[in-house]
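Subject: Structure handover

Hello,

Here is the structure for you to look through. My notes on the pockets, cavities and a few residues follow below it.

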Amino acid sequence: MNERRALFPASFDPMTNGHMDIIERVLKLGVFDELVLAVGENPEQSSLFSVDERLARLREVVADLANGHTILVRALGGLMVDFARDIGATAIIRGVRSPRDFEYEAEMGFLNHHLAPDIEMVFLIADPRYAFLSSTLVKQVAQMGGNLEGLVPRVVIERLQSRVATSSGVSS
């Protein structure tokens with residue numbers, strides 16, 4: 001297989017502008033023929049949206065980015081490196097926002113290298129505009145009725161506000 005395929009796994013619960021920035025920058029690099037966005041479950045967090053909802057939203061948001069690039073959206077099951085191998089990825093993309101993120105990602109990278117030495121880990125440092133941004137913080141802002149502009153793509157705002165209102169029993 002001569003295609004250069006990269007995997008960008010995340011919970012995308014919800015997708016943030018930080019995720020969008022990493023996706024856009026990977027595409028801009030022009031190193032990969034395909035980018036696979038994989039929606040995974042984080043067992044340490046409860047999800048606000050189902051995997052199917054996140055897949056649909058992600059497809060909607062990245063549709064305009066394709067512009068000659070191949071972007072696939074998939075559900076991630078099992079070990080990330082096994083999934084990467086199954087789809088033929090040669091690299092796993094990870095965004096790093098802080099030294100704490102780097103420590104965690106480096107540990108995961110060492111383990112992934114041990115499990116799959118043929119798959120490279122590619123770390124992109126977050127744009128400073130998004131270094132503070134996480135899906136967890138976005139959910140907290142939404143739950144407190146805060147302004148989500150600039151934190152998530154526009155199509156995510158309404159659905160996020162609606163979901164938070166529904167889950168808290170508030171009608172809008």
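First, the term pocket: on a 1 Å grid over the protein atoms alone, a pocket is an open set of points with protein on both sides within 12 Å along at least five of seven lines. A cavity, on that grid, is a set of points where a 1.4 Å probe fits but cannot get out. Lining residues have an atom within 4 Å of a point. Grid points are joined across faces, edges and corners, and a volume is the space filled by probe spheres set on the points.

This is a predicted model, so local features need pLDDT of at least 70 and side-chain atom pairs count only at pLDDT 80 or more, while totals for chains, interfaces and linings use all residues. Residues are numbered from 1 along each chain as its sequence is written, and side-chain values use heavy atoms, with hydrogens and water left out.

Pockets

The second largest pocket has a volume of about 170 Å³. Its lining counts 14 residues. Phe49, Glu53, Arg57, Arg159 and Leu160 lie nearest its centre. Helices H2 and H6 each supply at least two lining residues. (Helices, H or I of at least four residues, and strands, E of at least two, are DSSP runs numbered from the N terminus.) H6 gives the most to this lining, with five residues. By class, the lining of the second largest pocket divides into seven nonpolar, one polar and six charged residues. Here Ala, Val, Leu, Ile, Met, Phe, Trp, Tyr, Cys and Pro count as nonpolar, Asp, Glu, Lys and Arg as charged, and the others, Gly among them, as polar.

The largest pocket holds about 1200 Å³ of space. It is lined by 39 residues. Nearest its centre are Ser11, Asn42, Arg94, Tyr104 and Glu105. Strands E1 (5-10) and E4 (91-96) each supply at least two lining residues, as do helices H1, H3 (80-87), H4 (99-115) and H5 (135-143). H4 has the largest share, seven residues. The lining of the largest pocket splits into 17 nonpolar, 14 polar and eight charged residues.

The H2-H6 pair

H2 (residues 51-62) and H6 (residues 154-167) have axes that come within 10 Å and cross at roughly 155 degrees. Axes are lines fitted to C-alpha atoms, for helices over the stretch in contact, and angles run from 0 to 180 degrees between N-to-C directions. The crossing angle therefore makes H2 roughly antiparallel to H6. (Angles under 35 degrees count as roughly parallel, over 145 as roughly antiparallel, 65 to 115 as roughly perpendicular and the rest as oblique.) Contact means heavy atoms within 4.5 Å. H2 makes the contact with Glu53, Arg57, Glu60 and Val61, and H6 with Val155, Val156, Arg159 and Arg163. By class, that is three nonpolar, no polar and five charged residues.

Cavities

A search of the whole structure finds two cavities of 30 Å³ or more. Val26, Leu27, Phe32, Asp33, Glu34, Leu35, His69 and Thr70 line the largest cavity. H1 (17-29) and strand E2 (34-39) are the elements that give two or more residues to that lining. Its classes are four nonpolar, two polar and two charged.

The second largest cavity has a volume of about 40 Å³. Among the residues that line it are Ser11, Asp13, Asn42, Arg54 and Lys139. This lining has no nonpolar, six polar and four charged residues.

Individual residues

Start with the loop between E1 and H1, where Phe12 is found. Phe12 has a positive phi of about 50 degrees although it is not a glycine. At 2% relative accessibility, Phe12 counts as buried. (Buried means under 20% relative accessible area, exposed over 50%, partly exposed in between, with a 1.4 Å probe and protein chains only.) Pro14 is also found in the loop between E1 and H1. The peptide bond from Asp13 to Pro14 is cis, with omega near 0 degrees.

Then look at Asp21, in helix H1. Its relative accessibility is 8%, so Asp21 counts as buried. Not counting residues up to four places away in sequence, Asp21 touches Asp127, Arg129 and Tyr130. The C-alpha atoms of Asp21 and Ala131 are separated by 11 Å, and these residues are 110 apart along the chain.

Best wishes
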